[in-house]
Amino acid sequence: MFTESAAATRTTTSNPAFRIDNFDVADSDLPEFRDMPFENINELHLDHPGANDPEYRKRRDYIAGLAKNFRETGVITDVDYMEQEQEIWRIVAGRLEEIHARRASKFYLQAKKDLGISNDRIPQLSEMNRRLQRLSNFRLAPIEGLVDTRAFLSWLYYRTMLSTQYIRHHSRPEYTPEPDIVHEAIGHIPMFTNRDFADFSQFIGHGARVATDEQIEELGRLYWFTVEFGLIEEDGEVKAYGAGLLSSFGELDHAFSDRVERRPFDLDEVLITSYEYSDMQPVLYVIPSYAELKEVTRRYIERIAG
Ligand SMILES: [Fe+2]
């Protein structure tokens with residue numbers, strides 16, 4: 001996820017003349033992580049449940065610091081999670097799994113198994129990264145917090161997802177106002193094992209590197225209504241594949257309630273539909289398949305890239 005408020009800045013754009021279907025991008029094609037400018041990384045917000053807990057803040061900042069090391073060394077540092085952190089994971093992962101059995105896309109359910117993500121312990125980015133690369137040539141890179149939209153999306157061009165490693169505060173296991181390892185590992189990471197979804201994400205990254213500021217807003221909306229809050233029709237039933245849904249009991253309940261209008265996915269409509277970052281969505285969009293999402297997005301990005 002990325003910040004809504006930060007002004008879009010061209011951060012990782014270096015060479016706009018590349019092929020859109022460069023799916024075989026290799027580690028050697030990636031820019032140096034140490035060259036990534038991250039001036040817009042957010043600190044902990046005052047409304048975070050851990051904002052007034054000095055020990056939590058210290059721990060979160062320590063784990064965030066490991067991401068800074070990554071940018072120097074290119075090596076993901078495993079986190080030695082404490083028992084209290086493992087307990088938060090067990091509570092949240094266990095409860096979510098029950099709801100997923102009814103509500104999650106069947107692809108997602110299988111993908112979680114393929115990545116070895118269990119309810120017993122917090123998975124390490126290093127192990128998920130290894131499996132993800134093997135399955136779909138996608139990568140994970142640790143990040144210490146939210147970054148601006150263009151910077152975040154641009155890394156998808158390199159089939160790389162920036163991912164936090166710290167976990168939410170123990171006082172509110174069901175809630176976090178910022179991405180954490182629950183949101184990343186339960187919400188986002190399994191879906192990148194899907195080739196069509198991974199390619200679609202890469203198209204968004206391609207667009208982010210050449211988009212005008214107005215088009216970055218459009219890409220942010222597309223990302224929001226798919227990667228974060230997307231629904232899919234499978235065997236005549238609507239299922240969730242968006243990370244904001246799959247990592248939140250409240251959002252999942254809401255998405256399938258009669259308070260939400262579930263519309264067939266329409267790219268042109270999504271591109272102009274604004275959203276409230278902190279509110280539950282009144283409208284969500286249902287894609288017919290990941291392959292279809294990939295193809296309509298390819299056509300749109302080809303239009304942007306000219
Ligand atoms: Fe997210």
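Visitor: Leaving aside neighbours within four places in sequence, which residues is Leu156 in contact with?
Guide: Happy to start there, keeping in mind that this is a predicted model. Leu156 is found in the loop between helix 5 (149-154) and strand 4 (160-163). Leaving aside its neighbours within four places in sequence, its contacts are Phe138, Phe192, Ser201, Gln202, Ile204, Gly205 and Tyr223.

Visitor: What separates the C-alpha atoms of Leu156 and Ile204?
Guide: Ile204 is among the contacts of Leu156. The two residues lie 48 residues apart along the chain, and the separation of their C-alpha atoms is 7.0 Å.

Visitor: Is Leu156 buried or exposed?
Guide: Good one to check by number. The cut-off for buried is under 20% relative accessible area. Leu156 has 2% relative accessibility, so Leu156 counts as buried.

Visitor: Which residue in strand 8 is the bridge partner of Pro264?
Guide: Strand 7 and strand 8 (residues 283-287) run parallel and are joined by four bridges. For Pro264, the bridge partner in strand 8 is Val286.

Visitor: Which element gives the largest share of the lining of the second largest pocket?
Guide: This pocket holds about 310 Å³ of space. Among its 20 lining residues, Leu30, Phe33, Phe70, Gly74 and Val75 are the closest to its centre. Helix 1 (54-73), helix 4 (125-136) and strand 2 (139-142) each give two or more residues to the lining. The largest share, four residues, comes from helix 1.

Notes:
Residues are numbered from 1 along each chain as its sequence is written. This is a predicted model: local features need pLDDT of at least 70, side-chain atom pairs count only at pLDDT 80 or more; totals for chains, interfaces and linings use all residues. Side-chain values use heavy atoms; hydrogens and water are left out. On a 1 Å grid over the protein atoms alone, a cavity is a set of points where a 1.4 Å probe fits but cannot get out, and a pocket is an open set with protein on both sides within 12 Å along at least five of seven lines; lining residues have an atom within 4 Å of a point. Grid points are joined across faces, edges and corners, and a volume is the space filled by probe spheres set on the points. Buried means under 20% relative accessible area, exposed over 50%, partly exposed in between (1.4 Å probe, protein chains only). Contact means heavy atoms within 4.5 Å. Two strands pair if DSSP finds at least two bridges between them.
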